[in-house]
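Thanks for coming, everyone. Please take a moment with the picture before I start.

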Amino acid sequence: MSRLRVLFIGGTGVISSACVREAVARDVEVVVLNRGQSATHPLPAGVREVRADARDPRSVTHALAGLDFGSVVDFVAFELGHVRADIELFAGRTGQYVFISSASAYQTPPQRLPVTESTPLRNPFWQYSRDKIACEDLLVEEYRDTGFPATIVRPSHTYDRTKTVLSGGWTPLARMLAGKPVIVHGDGTSLWTVTHSTDFARAFVPLLGHARTLGEAFHITSDDVLTWDQIARALGSALGVTPSIVHVPSDVIASRDPEWGDGLLGDKAHSMVFDNAKLKSVVPGWEAVVPFEQGAREIADWHLAQPDAQVVDPALDALMDKLAADFGVR
């Protein structure tokens with residue numbers, strides 16, 4: 001039986017790098033197409049790297065000349081034009097095209113929990129999510145009309161040691177270490193699901209080349225649900241401090257910083273709990289095993305050992321000072 005050959009478009013991001021490592025561990029033949037600009041997540045031995053700009057169809061066609069794939073996974077497509085180009089490039093050249101969508105495409109706020117794959121797709125708050133929905137709609141249409149072998153996967157806030165989970169990157173963690181107040185949106189009690197990249201990868205790779213996934217959508221999330229206050233406290237504990245939390249309404253944050261606010265109103269401000277039964281029906285035995293407390297220690301250890309990653313955003317830090325002053329205990 002020949003090895004499954006998979007093309008990963010991207011391959012060096014938080015999610016994709018974990019999937020590359022898992023695929024190699026499972027004896028999948030992995031080809032990665034990217035521009036070779038990331039050193040944070042180096043590719044493991046045994047991976048064939050092809051240099052091309054994923055958004056330049058001509059360069060991709062040239063780079064992949066003569067190659068066919070059992071599966072093609074695009075980790076970096078987030079606009080309709082990206083997916084249209086992929087359909088033109090890979091129709092007839094792969095048995096499966098996997099689009100990495102987003103759980104933020106689900107109805108926001110959700111009318112019912114837990115969220116399942118049959119939950120409607122609608123996000124009036126965040127353009128990023130609406131673009132993902134449009135991409136999904138196109139793929140569903142292509143599967144229905146032409147048989148294009150699409151599989152849709154929706155991650156929800158997947159992280160590794162390089163991502164701090166809290167909005168603002170290193171800035172809120174630096175504030176914790178400095179004894180400054182940390183901003184948590186809402187009242188800190190909304191429920192959130194964070195998924196370690198290794199847990200995601202162990203569920204994702206078995207979907208590749210799986211005939212029962214064609215024309216289907218799956219989300220891959222942890223079953224570990226926390227409040228945002230718990231997330232902040234876990235990160236503080238991993239840093240050896242007890243964070244001083246100040247709660248600020250999400251719409252206020254959005255009015256002061258639209259970019260931060262888009263991600264809150266369009267995603268993180270709403271409780272999101274997921275039912276992974278559909279995934280487990282095709283990947284039997286899979287469970288997410290990394291609790292966030294363990295992930296928080298990985299985040300803290302990596303950042304403390306990486307001075308270059310300890311970048312504070314001065315404008316955001318000043319805004320957090322102002323929000324803390326406006327909404328903190330008087």
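Some ground rules. This is a predicted model, where local features need pLDDT of at least 70, side-chain atom pairs count only at pLDDT 80 or more, and totals for chains, interfaces and linings use all residues. Residues are numbered from 1 along each chain as its sequence is written, and side-chain values use heavy atoms, with hydrogens and water left out.

Helices (H or I, at least four residues) and strands (E, at least two) are DSSP runs, numbered from the N terminus. Buried means under 20% relative accessible area, exposed means over 50%, and partly exposed is in between, with a 1.4 Å probe and protein chains only. Contact, or touching, means heavy atoms within 4.5 Å.

Let's start inside. A nonpolar core is a set of buried Ala, Val, Leu, Ile, Met, Phe, Trp, Tyr and Cys residues joined through side-chain atoms within 4.5 Å. Which residues touch the most other members of the largest nonpolar core? They are F8, V73, F204 and I220, in a core of 29 residues. Elements giving two or more residues to this core include strand 1, helix 1, helix 6 (197-204) and strand 11 (217-220). Helix 1 gives the most, with five residues.

Look at F204. Leaving out residues up to four places away in sequence, F204 touches F8, C19, V73, F75, V98, I100, V153 and I220. Apart from this core lies another, of 28 residues, with V165, A174, V184 and W228 among them.

Now A18, in helix 1. A18 counts as buried because its relative accessibility is 4%. Beyond its neighbours within four places in sequence, A18 is in contact with S197, T198 and A201. The C-alpha atoms of A18 and V205 are separated by 9.9 Å, yet these residues are 187 apart along the chain.

On to helix 3, residues 80-90. Its buried residues are H82, V83, D86, I87, L89 and F90. What do they pack against? Strand 1 (5-9), helix 2 (57-63), strand 4 (71-74), strand 5 (97-100) and helix 4 (127-146). After helix 3 comes G92, with a positive phi near 85 degrees.

Next, the pockets. A pocket, on a 1 Å grid over the protein atoms alone, is an open set of points where a 1.4 Å probe fits, with protein on both sides within 12 Å along at least five of seven lines; lining residues have an atom within 4 Å of a point. Volume is the space filled by probe spheres set on the points.

The largest pocket has a volume of about 1,300 Å³. It is lined by 40 residues, and W126, Y128, T158, K163 and K268 are the closest to its centre. Helix 9 (258-268) supplies the largest share of that lining, six residues. By class, the lining has 17 nonpolar, 15 polar and eight charged residues. Here Ala, Val, Leu, Ile, Met, Phe, Trp, Tyr, Cys and Pro count as nonpolar, Asp, Glu, Lys and Arg as charged, and the others, Gly among them, as polar.

Take T158, in strand 7. T158 counts as buried because its relative accessibility is 12%. Not counting residues up to four places away in sequence, T158 touches V14, I15, T195, H196, S197 and F200.

The second largest pocket holds about 340 Å³ of space. Of its 20 lining residues, G10, T12, N34, R35 and V76 are the closest to the centre.

Last, the backbone. Most residues other than glycine have a negative phi, and most peptide bonds are trans. D27 is not a glycine, but has a positive phi of about 65 degrees. V165 is not a glycine either, and its positive phi is about 75 degrees. D27 is partly exposed at 48%, whereas V165 is buried at 7%.

Two peptide bonds to check. T108 to P109 is cis, with omega near -5 degrees. L113 to P114 is cis, with omega near 0 degrees. P109 is in the loop between strand 5 and helix 4, and P114 lies in the loop between strand 5 and helix 4 as well.
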